[in-house]
Amino acid sequence: VGAYKTAPTVVEWMFINCLLLLINVILTLFSMMVGCLLIYHTFLAITNMTTWEHISWNRISYLRNWPEEYGSPFDKGLAGNIITYCCQFGRRSQVNDWQVPSELPEERKDSCLRRLLRTD
């Protein structure tokens, strides 16, 4: 607020501070976009999904027979997903051999995100 100059009328104030106002609007928009990306990618990390899996679930051959309400077949739980996503120290070049389970679990396990959001 200290960077804005004072003026006797609103119109003069806007004219004097137009560049600063424009910069603030642009920074606010960029901050909102980055914030939305951060929230979305945090969701993907804690559910152990890729953007493609989240958006195109029914078009992916290895997920076609896996009900979406069961969550990702690669879900390792909150801690496991975060460790998989964040803690691959020195293992970036190593490829994980992901295997889709051959059959559905007998009882539906709540996905990591559903457990976090459950209200009961």
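I take helices and strands as DSSP runs, numbered from the N terminus, a helix having at least four residues and a strand at least two.

**Entry 1: overall fold.** I worked from a predicted model. Reading along the sequence, I noted the pattern α-α-α-α-α. The count is five helices and zero strands. Of the 120 residues, 21% count as buried. I looked up the accessible surface, which comes to about 9,500 Å², with 64% of that belonging to carbon and sulfur atoms. Among contacts between residues at least 6 apart in sequence, 49% join residues at least 24 apart.

**Entry 2: helix α2 and its packing.** I then turned to α2 and helix α4 (residues 77–86), which pack at an angle of about 110 degrees with their axes 7 Å apart. I therefore record α2 as roughly perpendicular to α4, since angles of 65 to 115 degrees fall in that class. On the α2 side, the residues in contact are His41, Ala45, Ile46 and Thr47; they meet Leu78, Asn81, Ile82 and Tyr85 in α4.

**Entry 3: a nonpolar patch.** I found a nonpolar surface patch of about 680 Å², made by Leu19, Leu22, Ile23, Ile26, Leu27, Phe30 and Met33. I checked Phe30, which is found in helix α2 (residues 18–47). Phe30 has a relative accessible area of 48%, so I list this residue as partly exposed.

**Entry 4: Asn48.** I located Asn48 in the loop between α2 and α3 (51–55). Its phi is near 55 degrees, a positive value in a residue other than glycine. Most residues other than glycine have a negative phi. Asn48 counts as buried because its relative accessibility is 15%, and the cut-off for buried is under 20%.

How values were computed. Residues are numbered from 1 along each chain as its sequence is written. This is a predicted model: local features need pLDDT of at least 70, side-chain atom pairs count only at pLDDT 80 or more; totals for chains, interfaces and linings use all residues. Side-chain values use heavy atoms; hydrogens and water are left out. Patches are made of residues with over 30% relative accessible area and no salt bridge: like charges are joined within 9 Å, nonpolar side chains (Val, Leu, Ile, Met, Phe, Trp, Tyr) within 5 Å. Accessible areas come from the Shrake-Rupley method with a 1.4 Å probe; for residues, only the protein chains shown count as cover. A salt bridge is a side-chain nitrogen of Lys or Arg within 4 Å of a carboxyl oxygen of Asp or Glu. Buried means under 20% relative accessible area, exposed over 50%, partly exposed in between (1.4 Å probe, protein chains only). Axes are lines fitted to C-alpha atoms, for helices over the stretch in contact, and angles run from 0 to 180 degrees between N-to-C directions. Angles under 35 degrees count as roughly parallel, over 145 as roughly antiparallel, 65 to 115 as roughly perpendicular and the rest as oblique. Contact means heavy atoms within 4.5 Å.
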